[in-house]
Amino acid sequence: MEEVPLIQMKNIVKVYSDGTKALKGVDFSVKKGEIHGLLGENGAGKTTLMKILSGMIKPTEGKIYINGEEVHFKSPADALEKGIGIVHQHFTLVEVFNALENIILGMEGHSLFSKIDVVKATEKLQKLMDELNFQVPLDIPVEKLPVGVQQRIEILKMLFRDVDILILDEPTAVLTPIEVKELFRVLNLLKSQGKTIIFISHKLKEVIEITDRVTVLRKGELIGTIDTKNATPQVLAKMMVGREVVLRVEKPPKEPGAPILKVENLWVKGDRGEDAVKGLSFEVHAGEIFGIAGVEGNGQTELIDAITGLRTVERGKIILNGKDITDRPPRELYDLGLAHIPEDRINMGLIVDMSVAENSILGLQWREKFKGPLNSIRWNAVREHAKKLVEQFDVVVPGINAPAKSLSGGNQQKLIVAREVSKEPVLIVASQPTRGVDVASTEYIRNYLVKLRNENKAVLLVSADLDEVTQLSDRMAVMYEGEFMGIVKPEEVTEEEIGMMMGGIRRE
Amino acid sequence: ISDKGETTSTPQYKGKIAIVYDVGGRGDLSFNDMAYLGASKAAKDFNLELVEVQSAKETDYLQNLETLAQRGEYEIIIAVGFMMTDAVKQVAAKYPDQKFAIIDGFDPEMPDNVMMILFKENEGSALVGALAGMVAANDDKDKVGIVLGMEIPVLYKFEAGYRFGVSWGVDYYNQKMGTNKKVDVIYQYTGTFTDAAKGKAAAQAQLQQGAWVIYQVAGGTGVGVFDAVAEALKAQGKDMGPPFAIGVDSAQDWIKPGIIIASMMKRVDVGVYTAVKAAVEGTFKGGVVELGLKEGGVGISTIEDVKEMFNSLPEDTKKQKLQELGFDSEDQLFAKLEETRKQVPDWVWQAIDELKQKIINGEIQVPAPMDKDGIEKIRNANDWTEMMG
Amino acid sequence: MNEKVKGFLKPLAESLLAVFIGFFLGAIILLAFGYSPFEAYYWLLRGSLGSASGVASTLSYATPIMLTALTFAISARTGIFNIGAEGSVYFGAIAAIIFTNVYGNVLFGLLMGMLVGAMWGLPAAFLKVFRGVHEVISTIMLNWIAWYAVLYLVTGPYANPSDPNKTILVPESARLPLLGGSNLSVGFILAIVASIIVYYILWHTELGFGMRASGMNPKGAEYGGIDPKKAIIWSFVIGGFASGLAGAVEVMGRPPTYAISQGMANINGYGFDGIGVALVGRNHPLGIILAAMFFGMLRAGTTMMQIGAGVPLEIIYVIQGIIVVAVAIPGLIDIFRNLRRVRA
Amino acid sequence: MSLGSSIVPILVTSLMAMVPIVLTSVGAVVSERAGIVNIGYEGIIMISAFFGAILAEVSGSWFIGLLGGAFVGALLGMLHGFITVYLKGDHIIPGIGINLLAMGLVPFGIVAYWGTAGQHQVPDTVRVPNWNTTYGNISPMILVTLVITFVTYWVLFKTPLGLRIRAMGENPEAADAIGLNVEKYRFWAAVYGAALAGLAGAYISIDWVGAVTKNVAAGRGFIALANMVFSGWNPLMALVGGFLFGFFDTLAIWVQSSQVVPWQFVQMLPYVMTIIIVAGIIGKVRPPKWDGRPYKRE
Ligand SMILES: Nc1ncnc2c1ncn2[C@@H]1O[C@H](COP(=O)(O)OP(=O)(O)OP(=O)(O)O)[C@@H](O)[C@H]1O
Ligand SMILES: Nc1ncnc2c1ncn2[C@@H]1O[C@H](COP(=O)(O)OP(=O)(O)OP(=O)(O)O)[C@@H](O)[C@H]1O
Ligand SMILES: [Mg+2]
Ligand SMILES: [Mg+2]
């Protein structure tokens, strides 16, 4: 007799209000007591599917069954009611609240108007933490806690609600290897207690290590579900990407030229006043791609911000082409030959409400060829410029007067790359240049970075995608808590060595 | 009412007159209402249709007057308030055949189709000042108060007249009783004509400092003055002064019976009536018409005045007000007002009459400063004779 | 091109719908108090558009609120809610009076009015940029401060010795010429020109590019080599110019007064009316020209509305308020479309 | 009489003047703690003062008048909440609209309903009974204001409801994710804020000054907003700030009689103080993170 799955999602379709078709009829089922992996590239629809299962959003079409019984979730409350809890990819914590407040929020345990019984709540939580041997400080505002601890709070928040089904959306993306190990211990413990876990990740090895079964999505479609014991990284990768060969970039050997960017003993503070970059020194040469790898949140953002003039430097010096550019505004840097592909294209790289044409001159608007008399902008020249960029880089746009927000993510990124290259820079700072970008565009952008290097430009590349860094870089560094764990040539290190550096072990 | 504004003249009326109110508007229980009183009385007496136009802002005056003048169908257009002076001047020049009257407005170059009706508020204020001064002295108090609106020079005439009257009244008392009392005037420009809360706070401050009678010259802000005095009385378990408040412009006594002992009446109604009468009877002449005590243009309110003012209200409003005040009939209201006045000895009222006569026959001249220096001189003067000089 | 037209038509339609809602609810209120809305609106229209002088007064009313609306709009485009136009109007007016009495020249008066108005924009700008004070709070406070400061000048040092009810007059040599014997001065044309200049600045200059970019996305603007702080300061300054001009025009070109009257009754309230105009005009200078003329029409029509239909003029403010609340409803048009669909 | 011996009457007047500002500020604190900005309190105070007086007169009961004022405020809060919470509209614009509306509706209503222009005095019989002292009246509303302030503080910072409200203003996504109905909490917080402003309006018209004038709020709605910022979004501090405003306003009137400085400058003082305080203190206080931002789930 066929066992009834705990969760069954049938023919799920999701069309977002802007017309994006995120899911195109996906079937998904999970058995009780298993750890079920959900795998897929960026934008495959993993998060969307889980948001539907957790009641955050409603499917455009499709049915959900829990224990064989159809359910209609109007809100997360309904899903929690059925024992389904989710830890989101982007944490949903109230930053000024402490862990206790975050965890008991909505579950305070008595009438809305009576005093919160902190002692009782603490006791209950402490018991839970002791059971799992999974501790967090309860009385410190969570914004002061490291991300690893924040994630524990998120997990405890769900366990406090006695969920039977725990969904974790890319929980390991921000964790060090040691923290990952600890997380896996707890997940196995929970499984032994009879809980069901859905585990989302891009990381094949992790999925193979922790899950019982894996479901793979690609571009909003179900590719299939297999038992993990039958899976190899090669099989999964093929399902995920849809072709056998993983991206390869042609990179002819090249002698680096003179140093273009020099960073000397750089100290930079993060948003919360902590030292995010701690005394970094390095050089990037002409005709070289210098890659920086590492788990996100280890100071990469602050480093790039400082170099590109968006964050003040605490101590140290930045020199571009022989000129001291420490704490100079972006405008001056661009005039000195800097181009910057920022990690956040929606909030930084583009003014998404402005047109493609307007965006095509962001950071160049004062250049001679766009300027007319009386501080005016020569829109004809701008439009020509935009048309040229769009053609050269094959950016798919409804029209150059269309707002940038109407472009797909990949095309937005291409537009940014095109514009930055049009600055005719000597140094390109590229931060997560292919995040959330489809395979074809990824290939294009990576090859373009190599082309720039071949044209004797200096490229500083920051990426959380280890493959990207190792494939593109001539030299690479691994960043950990604001410091470099070592600067190496990619072909001279093993993946294990890099993994250790990412986990904070310095290489001598 | 559908053809109310059409140019076809309505057969049952002999003609039309128009009145333009200033931003205070009809129903202010004060200045504009007095104008209405005069206009409606004239309209009735001379069988005229009355058209009323309200102004929301100062910039409306020109347009309101011009719109009316353009129609060329009014016997006279009456502009209520000095703020309209410039507008009247301009429109009158453009429409020389149209007769105008302006209340409170003066301009030396005004065209001669405009009658400028001015009032000697200083004279009226002197009478209520004398009342205040004598009541205070008689009750052995040494302070009276005046709460004014925004500090604009028109108000200096009120302040000066009041100060003059207080000083005269105390002097009268001292001579009568052989004493040597002094009564100071606490004054306060609240900076607003509309915030009753400010008026109340100002009056409270004055009462706390010992003011025994408070004269309000502050429009909507004055409402708070009445309330503050009422409260102070209530705190002493009284429903009748002293301390008293004094009203302004119209006979406001009925608004808070027992609390307002009298009002400085500015007979805008008389002015308006005079102008309409002149226009209708063909005796209209441009230029200044100044109405003081002598002409009955200002004065201290009598019970009769209050009755007239009260009766000019629409019947519904009257009923509603009586009910709000807690009276069954008008008679009850007026009885209460009579009683209020009895709180003050008869000789005080007689003395006020005496002052009035002296002003009328020119024996006494009440100062009327028009600027800051002028009022400063009055404030610093030692007694009323010094003020006159 | 097509997108541009569409981007223009929808807001226009929404504003028209808001106007319709305002009139509709206004009619209900009129009916509730026993007035005839048809008569009221008939006389309103007739008074404002039915004659040459009606049109002139419509445009006279439109002039200052068009300028103060520009103040609001240019800052809104920079992501700022500047409600401090009121204060700049006061200062612009008093400056025009003071300086034309020093040197009786039209251009000089306008210039000084604008300059002082713009300077009054600076405190709020600096508080925002350097101290992080929210501009809604600071401009509200600064409006009060401006009110008392200018009131002091009006009643004190610059009171008119021969007519204490107002300030000294703008000398004849510094008065704005009137158009064709009407009461409408060239101030109206200045306001139109100012609108076009603001349009030009916002959409055709590097400065405007930076301002709009900062308004939509300050982080992106900074990345794009724009200093959002500078953009904010400029938005206050340009806004101050417009409101200062409004004040100057009111005293230099609004017969019969040519002065500030006591209580500043002839120059107050324009700042707040301007916000409504800007919102109905969708913070677009061209929309503002239309909206200002519409609001001017409402004001100009009230005289005839009173004479003809006996309706209290405050109803006009009620209608204005309803229109602005309606404008605040996002996607008004879509909501109506859906309603229609539901009913059909 | 020296200023020193005037201290008791000044304090009494200050307490009475404090009530509308504190009520409105405390309401605004709750609303903004839940993330809803409303700059229409000025208009709400005006409209509620008007309808509060009508309701008191019609019913013959001051109690109904106060409740009615709060109720009318609540209705306007619902309008604001509907636009900002459910339709995800801008938070500033509806407030501007409500203020404009009030500037027309109240003068129009005074003429249309009572037949007097610019002002209407509320009869003593329907005014809130006060304790008459020789230093001035003391209204029970002072006590009510204190109670409301302390209870609001307690609820906001000690109870589950408060925890939830604050979560809505800091991170509605977090609240949403654990099954709390963000829209419901935000909406009712906006209504609560407006209802307290409505109560403040009714207090002005049927208690404190006993009159409805066409400018009955006289800027107090705006002062209350400034006071809310000053308080760091904390009801207890709002009480302190509101008292200080009342105090300085009253003091200005007492000091003014001396005529040492032009009165205009004395009147300016509270506003200058606000700016100085807000500019100086703002570095330390921070508004709720999602204050004024519509929350959309998708
Ligand atoms: N709120 C939204 N509105 C419109 N489109 C959206 C929205 N959220 C996600 N999408 C789109 O839906 C698609 C699926 O997104 P989803 O977040 O589910 O992907 P994912 O598999 O979780 O990717 P990642 O690995 O990057 O987290 C993408 O194309 C994304 O751009
Ligand atoms: N708001 C919008 N207005 C107009 N067109 C839009 C809008 N959003 C998306 N589109 C169009 O719909 C198409 C699909 O967009 P979508 O974001 O789903 O792309 P995608 O498949 O995720 O691509 P990518 O991998 O590049 O992100 C794009 O061509 C885009 O131009
Ligand atoms: Mg995801
Ligand atoms: Mg995409």
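Keep in mind that the model is predicted.

**Around ligand 1**

Let's start with the ligand. There are 16 residues around ligand 1, and those that come nearest are Gly43(A), Gly45(A), Lys46(A), Thr47(A) and Thr48(A). The residues that surround ligand 1 come from chains A and D, so the site is shared between chains. If you're looking for the element that gives the most to this shell, go to helix α1 of chain A (residues 46-53), which supplies 3 residues.

| Residue | Polar atom belongs to | Distance to an oxygen atom of ligand 1 |
|---|---|---|
| Ala44(A) | backbone | 3.1 Å |
| Gly45(A) | backbone | 2.9 Å |
| Lys46(A) | side chain | 2.8 Å |

On its own, ligand 1 has 640 Å² of accessible area, and the protein covers 69% of that.

**Chain C meets chain D**

Now for the interfaces. Here 39 residues of chain C are in contact with 41 residues of chain D. Together the two chains bury about 3,600 Å², and carbon and sulfur atoms give 87% of that area.

On the chain C side, α5 (106-131), α6 (135-155), α11 (270-280) and α13 (315-328) each supply at least two of the residues that touch chain D. The largest share comes from α6(C), with 13 residues. That side of chain C divides into 30 nonpolar, 6 polar and 3 charged residues.

**Chain B meets chain D**

Chain B and chain D bury about 3,500 Å² between them, with 50% of it on carbon and sulfur atoms. Each chain brings 39 residues to the contact. The interface holds 3 salt bridges; one of the residue pairs joined this way is Arg220(D) and Asp195(B), whose side chains meet at 3.3 Å, N to O. There are also 6 residue pairs in polar contact between chain B and chain D, both residues being at pLDDT 80 or more.

On the chain B side, β7 (184-189), α6 (196-208), α7 (222-235) and α10 (315-325) each give at least two residues. Helix α6(B) provides the largest share, 9 residues. The residues of chain B that touch chain D split into 13 nonpolar, 14 polar and 12 charged.

Technical notes:
Residues numbered from 1 in each chain as written. Chains lettered and ligands numbered in written order. Predicted model: local features only at pLDDT ≥ 70, side-chain atom pairs only at ≥ 80, totals over all residues. Heavy atoms only, no water. Near = heavy atom within 4 Å. Polar contact = N/O pair within 3.5 Å; in protein donor to acceptor, adjacent residues only side chain to side chain. Areas by Shrake-Rupley, 256 points an atom, 1.4 Å probe, with all protein chains shown as cover. Helix = DSSP H or I, 4+ residues; strand = E, 2+ residues; numbered from the N terminus. Contact = heavy atoms within 4.5 Å. Buried area = accessible area lost by both parts, 1.4 Å probe. Nonpolar A, V, L, I, M, F, W, Y, C, P; charged D, E, K, R; others polar. Salt bridge = Lys/Arg side-chain N within 4 Å of Asp/Glu carboxyl O.
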